[in-house]
Amino acid sequence: MNWHTRFAQQANWTRDLRNYIFEKVGLKDAQRVLEVGCGTGAILSELHKQVNTYGLDLNPTALAECRVHAPDTSLVQGDVLQLPYLNKSFDIVYSHFLLLWVSDPLQALLEMRRITRVGGYVIAFAEPDYFKRVDQPDELIPLGKWQTEALIRQGANPGIGAQLAELFFEARITIIETGLIKSQEREPSAEEWEIEWDVIESDLTGWIANSNIKRMKHIDKEAREHKRRVLKVPTYFAWGRV
């Protein structure tokens, strides 16, 4: 599984939203911008030439790759639940598909708020709600349930998207805007479909029979070829001022 390819795919889903919010918060005039949970640098690779960027992640292997994709970024290995930065250190602090993986998302947001200067911004670009996932045709409904269960087995909170606004409120971040990210209407390319199935197989192999995984992949492919495939996972965003 090539995780940078996967993270780049996810970054593409939110590019329009990021451009919109970054313009609203004055990204180009920011002095210090931090991505919490930066992974391999799929987003920082687009920003590091524009502003003074910082990145934090728990995974040292991901950070090593991030140094390649965003060489001008100051990178630190650390935990979002105890950020290794001084109070009011950043103008903008953001995350992207991160809070679902955090054991205490409220504490994570409190930490993000702590290190953001007064008048600065905290942004959660994307958090899903897999409990509201829609799969068609009906034969693929078990696949959605398996993937949701796989996230839980990995320690994730697959329904956190629906909790995002409340978490911002509890963290005392003044919400400016929150809601659902508009889903893409276009069909995924063959490459995008294969990336998605790399993730599915990585998640399910070992506890779902290979024959069942292969059967679902075949049904999925056939449904897409006949324009009958529907896959929707509501994904939420929120941004606010400190």
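Mentor: Buried means under 20% relative accessible area, exposed over 50%, and partly exposed in between, with a 1.4 Å probe and protein chains only. This is a predicted model, in which local features need pLDDT of at least 70 and side-chain atom pairs count only at pLDDT 80 or more, while totals for chains, interfaces and linings use all residues. Residues are numbered from 1 along each chain as its sequence is written, and side-chain values use heavy atoms, with hydrogens and water left out.

Trainee: How many salt bridges does the structure hold?
Mentor: There are 13, where a salt bridge is a side-chain nitrogen of Lys or Arg within 4 Å of a carboxyl oxygen of Asp or Glu.

Trainee: Which residue pairs with R133?
Mentor: D135 does, with the closest N and O atoms 2.6 Å apart. R133 counts as buried at 14% relative accessibility, and D135 is buried at 7%.

Trainee: What about R229: buried or exposed?
Mentor: R229 is buried, at 8% relative accessibility. The side chain of R229 forms a salt bridge with D135 (3.0 Å, N to O). This pair links distant parts of the chain, 94 residues apart: D135 is in strand β6 (residues 134-136) and R229 in the loop between α9 (210-225) and β8 (230-232). Helices (H or I, at least four residues) and strands (E, at least two) are DSSP runs, numbered from the N terminus.

Trainee: Changing topic, where do D220 and R224 lie?
Mentor: Both are in helix α9, four residues apart, about one turn of the helix. Salt bridges that share partners join D220 and R224 with R133, D135 and R229 into one network.
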